[in-house]
Amino acid sequence: MTQRGRATRPTGRPRGAAGPRGGDLAARRDRLRAVIEPVVNDAGYDLEDLSVSRAGRRHVVRVMVDTDGGIDLDAVAVVSRAVSAALDAAEETGGDILAGEYQLEVSSPGVDRPLTLPRHWRRNVGRLVKVTARGAAALPGQRGEQPAGDRQLTGRVVAADDEGVHLETDDGRAAWAYAQLGPGRVQVEFTRLAELGEPDDEFDDADDSDEIDDSDDIDDEDDVEDEER
């Protein structure tokens, strides 16, 4: 789900003048995070990702937020307005943060978002996940010695807390500490969705679902470049 908007700021810099680019985007992202993260947290959500990139003469600010139980389109719109107001206030009191026009995009994570934090695993209890077990000498519940090394696991998340996750695999249920696992990837199960009566569009990419676009499109010839994450 994406809320898009545009704000234009006078920068005191001639339109043709070139501002700092490249590595300076990382510094801009840090300044943006300092403004945006408290706003997102105060609204009751987690800031999952923040990026800033160049698209022609403007910046594109992408903000990804989530919470337990997911976030709907109305909440995305509320967060978008709050973030935009916070950026306005920050520029009025602290000077240019983005130095010129910018486009704000607020979205929720898509199903392809990797599971890297305990809250990501907790929010996907019941889903089938593929993950790499790092340096496991033997899979839990298996007998006999096996050579150490990374192993691919596919299992259903049955429980997750701050310490680790319980996965139900073909070999049975086992507990794993997060330090033993790489990023998890949710597996799409269309048959299971049909059984549960859940809509398939849940698994559309975040930028393709329930989109609100009240901005001018970026010119086709303006390539997005120098993105820092």
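A residue is called buried when its relative accessible area is under 20%. The exercises below concern a predicted model.

**Exercise 1.** Decide whether helices H1 and H2 are roughly parallel, roughly antiparallel, roughly perpendicular or oblique to each other.

Solution. Step 1: two packed helices are described by the angle between their axes and the distance between the axes. Step 2: for H1 (residues 24-42) and H2 (residues 73-94) the angle is about 140°, and the axes lie 9 Å apart. Step 3: roughly antiparallel would need an angle over 145 degrees, and roughly perpendicular covers 65 to 115. Step 4: H1 and H2 are therefore oblique to each other. Step 5: the crossing of H1 past H2 is right-handed.

**Exercise 2.** Identify the residues through which H1 and H2 meet, and classify them.

Solution. Step 1: H1 contributes Leu32, Val35, Ile36, Val39 and Val40. Step 2: on the H2 side are Val79, Ala82, Val83, Ala86, Leu87 and Ala90. Step 3: the residues of this contact comprise 11 nonpolar, no polar and no charged.

**Exercise 3.** Determine whether Ser107 is buried or exposed, and locate Ser107 in the fold.

Solution. Step 1: Ser107 belongs to strand S4 (residues 102-107). Step 2: its relative accessibility is 8%, so Ser107 counts as buried. Step 3: Ala77 is 30 residues away along the chain, with 9.3 Å between the C-alpha atoms of Ala77 and Ser107.

Notes. Residues numbered from 1 in each chain as written. Predicted model: local features only at pLDDT ≥ 70, side-chain atom pairs only at ≥ 80, totals over all residues. Heavy atoms only, no water. Axes fitted to C-alpha atoms, helices over the stretch in contact; angles between N-to-C directions. Helix = DSSP H or I, 4+ residues; strand = E, 2+ residues; numbered from the N terminus. Parallel < 35°, antiparallel > 145°, perpendicular 65-115°, else oblique. Left-handed = near helix turned anticlockwise from the far one by under 90°. Contact = heavy atoms within 4.5 Å. Nonpolar A, V, L, I, M, F, W, Y, C, P; charged D, E, K, R; others polar. Buried < 20%, exposed > 50% of the residue type's maximum accessible area, 1.4 Å probe, protein only.
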